[in-house]
Structures are given as structure tokens and as C-alpha cells.
Amino acid sequence: MHNVVIIGSGPAGLTAAIYAARANLSPLLIEGGQSGGQLTTTTDVENYPGFARGIMGPELMKEMRTQAERFGTEFLTGDVTAVELAQRPFTLTINAEQTLQTKTLIIATGASAIQIGLKNEARLTGHGVSTCATCDGFFFKNKELIVVGGGDSAMEEAIFLTKFASKLTVVHRRDKLRASKVLQDRAMKNEKITFLWNSTVEDILGADLVAGVRIKNLVTGKVSEVACAGVFVAIGHRPNTALFKGQVTLDAKGYIRTTEGSATSVHGVFAAGDVQDSVYRQAVTAAGSGCMAAIDAERFLETVQRTA
Ligand code: NAP
């Protein structure tokens with residue numbers, strides 16, 4: 001029987017592990033296939049306090065993991081395929097075979113990239129369609145690329161991809177970017193980047209590899225084709241909460257609803273990071289909420305023990 005099980009190995013999960021381990025709770029952290037979460041697919045992290053010259057995302061996550069390990073966090077690699085939260089101790093199933101029980105649970109499963117939803121987007125994913133510039137940018141040396149979206153992710157991906165691309169077009173559905181001023185300025189000043197405003201990608205063209213996109217101008221209704229070798233989709237994220245639907249309360253967008261710090265609708269279940277945050281979604285806020293979840297779990301265990 002575990003005191004604390006943490007699901008997720010991004011900044012929220014690993015910070016929860018550091019705090020829970022230092023509270024002598026011997027936490028078990030379950031990390032999925034993409035250990036380290038979304039930051040493992042970014043390059044420079046320039047806004048995480050304490051790194052004046054920036055740090056690479058994967059490096060930051062490696063450091064956090066080492067720190068959690070140093071204080072005695074146990075790690076298990078696998079996918080949680082079922083949870084039973086109706087009664088304590090809670091039961092978790094890993095890879096549809098192994099089960100384990102825990103007195104408290106910290107959900108830090110993060111969020112995943114949203115797709116446009118086109119048939120050819122799914123078909124050509126991994127063949128020119130991608131949601132991760134740092135993973136796939138290297139394959140597009142001297143090629144023309146499209147980035148879809150107008151937020152920080154889209155600007156960051158576009159700027160990064162100009163290291164490889166000969167030309168890059170950002171396709172955005174409005175005539176104003178959502179991205180922060182600093183990233184907007186950097187993208188606008190980049191000579192390789194051009195913008196197609198008020199436009200959406202209607203289809204992705206190509207037999208085995210991406211050859212172009214069909215674009216619709218939402219103001220004029222005009223449809224045109226743009227040749228490109230790759231399409232990077234950066235239109236936001238969706239919380240990874242499918243596993244918890246019907247067991248903890250979610251909001252209208254599917255994020256876990258927290259009250260009183262990190263508490264969810266189930267006593268003893270806490271949530272941290274992007275899985276419960278549709279507003280800030282920063283590495284530092286995720287880490288902060290991971291810390292809160294560990295402290296909340298520790299206090300919960302103390303209260304349960306006192307009243308037992
Ligand atoms: P986001 O801020 O939600 O932006 C998503 C963008 O995609 C928006 O421009 C949106 O258009 C567009 N979009 C959404 N659905 C679309 C669709 N179906 N078709 C076409 N376009 C669509 O998401 P994000 O850029 O991933 O950023 C998420 C959070 O992480 C934000 O809080 C951001 O600040 C943060 N972040 C920070 C950094 C950094 O600080 N370095 C880097 C990456 C992300 P509209 O503008 O019209 O809604």
C-alpha cells in the first residue's frame with residue numbers, strides 16, 4: 001500500500017514527488033511513455049526562474065527527475081489504464097494487468113496537443129504532419145513549412161523551425177496573434193516567416209508525404225493551395241482526463257476542477273499542473289501546483305491518521 005501515488009512526470013508530477021519524498025512519504029511516480037511531459041518537446045526555456053541564461057526543456061526535466069530520485073521517489077514506467085476512486089484506498093491498474101493501492105493520489109497527467117481534425121492530417125501524421133517542432137524539425141532542412149496557430153506555441157515552433165526551413169508560413173484564423181508580445185516581435189522580425197491572416201487549413205495534400213495545404217481565406221472565401229513539405233499544428237492543448245471522467249468533477253472544457261488548493265471532488269485525490277489549469281499553463285505554475293498537491297496530500301494523511 002502506497003502513501004502517495006503520482007501520475008505524470010512533467011514539472012507538476014516531479015515537483016509533487018520532490019516534496020512528498022522530502023516529507024518521508026516514499027511516493028511512487030508513474031511515468032508514461034513521454035517521460036518529462038511537454039517540456040521534453042521544447043527547446044530553450046527562458047522563463048523558468050533561476051536559469052538566467054535559459055535551459056533546454058529536456059535538461060530541466062532531467063534535473064527535476066534526478067532531484068526527485070535523490071530524495072527517494074520510486075519510479076514506475078507504464079500507462080495507468082484504469083482507476084477506482086469510489087473508495088479508499090484507491091486502486092490503479094497499470095498496463096491493464098498490474099494493480100496497486102494508494103491512500104492518496106496526485107493527478108498530474110498534463111495536456112496533449114489538439115489536432116485540426118482533418119482526415120488527411122491523421123493519415124499524414126509522421127509523414128510531414130507534426131505537433132512537435134523539436135522532435136521533427138530536423139527532417140525539414142531547406143524545405144518550405146506551414147505552422148498553424150497564433151499562440152505562443154505556434155510562434156515558438158515557427159521561430160525554431162526557421163533553423164531548418166527555407167521558408168515558413170504561419171496560417172492563423174484571425175488577423176491578430178494571441179502570442180505574447182516578445183514572441184510576436186521575434187516572429188515578425190524573422191525574415192523567413194510570413195503570415196497568412198484570417199485563414200484556415202482546409203485540407204492537407206500529398207500521397208505518402210505532405211506536398212501542400214489547401215487554405216481558405218475566411219474573409220474573401222477564396223481557396224488556394226500552398227506547396228510545403230511539412231505542416232506543424234500548434235493550436236493548443238486538451239487535458240488528459242479521459243481516465244478520470246465520471247470519477248472526479250471536470251469543468252466544461254474537461255479540466256479537473258480543484259477547490260481549496262489542489263483538492264478535487266474526491267477526498268484524498270489531488271490534481272496539479274496543466275490537467276487542472278486552462279489559464280496559466282506554465283512550467284513554473286505547474287511546478288508550484290505540484291508542490292501544493294504534495295503538501296495537501298501530506299496534510300490529508302495526517303488528518304486521516306489523527307482521526308482513525
Ligand atoms: P493557445 O494560447 O490556446 O493558442 C492556440 C492558438 O491556436 C490560438 O491562436 C487559436 O486561435 C488557434 N486555434 C485554436 N483552435 C484552432 C483551430 N481549430 N484551427 C485553427 N486555429 C486554432 O495555445 P498555445 O499556443 O499552445 O499556448 C498554451 C499556453 O502555453 C498559453 O498559456 C501560452 O502562453 C503557454 N506557452 C508559453 C510559452 C512561452 O512562454 N515560451 C510557449 C508555449 C506555450 P485564436 O487566437 O483565434 O483563438
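Which way does α1 pass α7, in a right-handed or a left-handed crossing? The crossing is right-handed. Keep in mind while you look around that this is a predicted model.

## Where α1 meets α7

Start with the two helices themselves. Helix α1 covers residues 11–22 and helix α7 covers residues 283–307. Their axes come within 7 Å of each other, and the angle at which they cross is roughly 35°.

So who does the touching? On the α1 side you'll find Pro 11, Ala 12, Thr 15, Ala 16, Tyr 19 and Ala 20. From α7 come Ala 283, Ala 286, Ala 287, Gly 290, Cys 291, Ala 294 and Ile 295. Sort the residues of this contact by type and you get 11 nonpolar, two polar and no charged.

## Around the ligand

Zoom in on the ligand's oxygen atoms. One oxygen atom sits 2.6 Å from an N or O atom in the side chain of Asp 152. A polar side-chain atom of Ser 153 is also found 2.6 Å from an oxygen atom of the ligand. With Gly 150 it's the backbone that takes part: a polar backbone atom there is 3.0 Å from a ligand oxygen. On its own the ligand would expose 920 Å², and the protein buries 77% of that.

## α5 has a neighbour too

Helix α5 also pairs up with helix α6 (residues 181–189). Their axes come within 9 Å and cross at roughly 35°, and α5 passes α6 in a left-handed crossing.

The α5 residues in this contact are Asp 152, Met 155, Glu 156 and Ile 159, while α6 brings Leu 183, Arg 186 and Ala 187. Here the count is four nonpolar, no polar and three charged.

## Two spots in the backbone

Most residues other than glycine have a negative phi, and most peptide bonds are trans. Which residue has a positive phi although it is not a glycine? That's Ser 26, with a phi of about 45°. You can find Ser 26 in the loop between α1 and β2 (28–31).

The other spot is a peptide bond: the one from Arg 88 to Pro 89 is cis, with omega near -5°. Pro 89 is in the loop between β6 (80–84) and β7 (90–94).

Terms used
Residues numbered from 1 in each chain as written. Predicted model: local features only at pLDDT ≥ 70, side-chain atom pairs only at ≥ 80, totals over all residues. Heavy atoms only, no water. Axes fitted to C-alpha atoms, helices over the stretch in contact; angles between N-to-C directions. Helix = DSSP H or I, 4+ residues; strand = E, 2+ residues; numbered from the N terminus. Left-handed = near helix turned anticlockwise from the far one by under 90°. Contact = heavy atoms within 4.5 Å. Nonpolar A, V, L, I, M, F, W, Y, C, P; charged D, E, K, R; others polar. Polar contact = N/O pair within 3.5 Å; in protein donor to acceptor, adjacent residues only side chain to side chain. Areas by Shrake-Rupley, 256 points an atom, 1.4 Å probe, with all protein chains shown as cover.
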